[in-house]
Amino acid sequence: MASLRAHLASYMVRRNVRNRLGAMDDVGKIRAVFGGRTFPDPSGATYEAGAVGGIPGEWVRPVRPEGPERRLLYLHGGGFVACSPKSHRPVTGALAERGFTIFAADYRLAPEHPFPAGVEDACAAWNALAALGPAAIAGDSAGGNLALVAMLAARDRGLPLPTAAALFSPVTDFLAEDGSRVSNARRDAMFDPRALINLGPMYLGGADPADPRISPLFADLAGLPPLLFHVGEREVLRDDSVRMAEKARAAGVTVSLTVFPVVAHVWQFAHIMLPEARRSLDAAAEFLRSHQ
């Protein structure tokens with residue numbers, strides 16, 4: 001059962017985010033809405049600019065590290081056109097407080113840098129971080145898509161794979177027109193269903209949406225590391241996680257899928273007030289630790 005706070009948070013997201021974003025056909029408006037400050041930076045983490053593999057970003061480290069270092073590449077969401085490591089400190093800082101040393105990559109954004117720029121940056125950051133030793137990967141929404149694509153690219157090139165991945169409401173299918181894209185069109189607290197239609201061309205730059213580097217649901221998933229998916233039951237992107245989890249499991253991949261009731265897209269941001277967000281982050285951190 002969802003908490004009362006989840007219902008309240010969903011209402012606030014609908015009022016303050018979905019109504020402002022509209023059809024998401026204005027990049028400037030998207031960046032203004034997503035770039036606004038939402039929650040304070042978690043105080044149990046430090047934040048330092050850096051670069052990995054030539055990709056800029058920031059290191060997010062626990063203030064009081066305990067035990068062995070656990071390294072993690074985090075790829076932020078934002079519809080492929082917005083946000084940054086700084087905007088996602090509520091999530092990366094919370095994961096650092098749970099014991100991870102994180103590099104949050106500041107990958108190039110569309111429409112100025114359409115596909116495959118973001119993929120190239122995600123792959124470069126992962127390959128360089130993995131060269132330093134075992135690490136995990138995580139991402140939300142568009143960043144979850146890039147995390148999956150980076151893993152597939154590493155596997156295909158015979159490069160080191162993450163020890164595990166945590167994926168929060170990832171985009172996995174740019175061609176979907178059924179399932180939760182329809183059934184949750186009115187229920188999703190953040191996205192008008194037209195939004196995904198309008199965002200697609202900004203990111204694709206004319207590329208084929210069926211390309212597995214764009215829609216990883218269409219890839220051969222055999223050989224991927226353990227995957228955790230957390231998604232909201234009311235999200236238009238719900239089935240992107242559900243179908244991806246089912247296909248990965250059928251390919252022999254270890255999969256953990258949890259569908260949370262009521263919560264809005266990437267509710268993990270609200271962990272200071274939302275018990276469902278804390279449960280998601282706790283479970284993701286435990287999953288990643290258990291496979292390192």
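## The largest pocket

About 870 Å³ of space lies in the largest pocket of this predicted model. A pocket here is an open set of points on a 1 Å grid over the protein atoms alone, where a 1.4 Å probe fits, with protein on both sides within 12 Å along at least five of seven lines; lining residues have an atom within 4 Å of a point. The volume is the space filled by probe spheres set on the points, which are joined across faces, edges and corners.

Of its 39 lining residues, V17, T38, F39, M190 and F269 are the closest to the centre of the largest pocket. Helix α1 provides the largest share of this lining, 8 residues. The lining splits into 21 nonpolar, 13 polar and 5 charged residues, where Ala, Val, Leu, Ile, Met, Phe, Trp, Tyr, Cys and Pro count as nonpolar, Asp, Glu, Lys and Arg as charged, and the others, Gly among them, as polar.

## The second largest pocket

By class, the lining holds 18 nonpolar, 3 polar and 3 charged residues.

F174 also belongs to an aromatic cluster with F80, F115 and Y203. Rings of Phe, Tyr and Trp (its six-membered ring) pair if their centres lie within 6.5 Å, and the structure has 6 such aromatic pairs.

## Salt bridges

The whole structure contains 16 salt bridges, each a side-chain nitrogen of Lys or Arg within 4 Å of a carboxyl oxygen of Asp or Glu. In one of them, E48 and R61 meet at 3.1 Å, N to O. E48 sits in strand β1 and R61 in strand β2, so their contact links parts 13 residues apart in sequence.

D282 and R98 meet at 2.8 Å, N to O. Helix α9 holds D282, while R98 is in the loop between α3 and β4, so this pair spans 184 residues of sequence. D282 is partly exposed at 39% relative accessibility (between 20% and 50%, with buried under 20% and exposed over 50%, for a 1.4 Å probe and protein chains only).

R187 and E233 also form a salt bridge, with their closest N and O atoms 2.8 Å apart. Through shared partners, R187, E233, R238 and D239 join into one network.

## How to read the values

Residues are numbered from 1 along each chain as its sequence is written, and side-chain values use heavy atoms, without hydrogens and water. Local features need pLDDT of at least 70 and side-chain atom pairs count only at pLDDT 80 or more, while totals for chains, interfaces and linings use all residues.

Note on methods
Helix = DSSP H or I, 4+ residues; strand = E, 2+ residues; numbered from the N terminus. Phe/Tyr/Trp six-rings, centres within 6.5 Å; stacked < 30°, edge-to-face > 60°.
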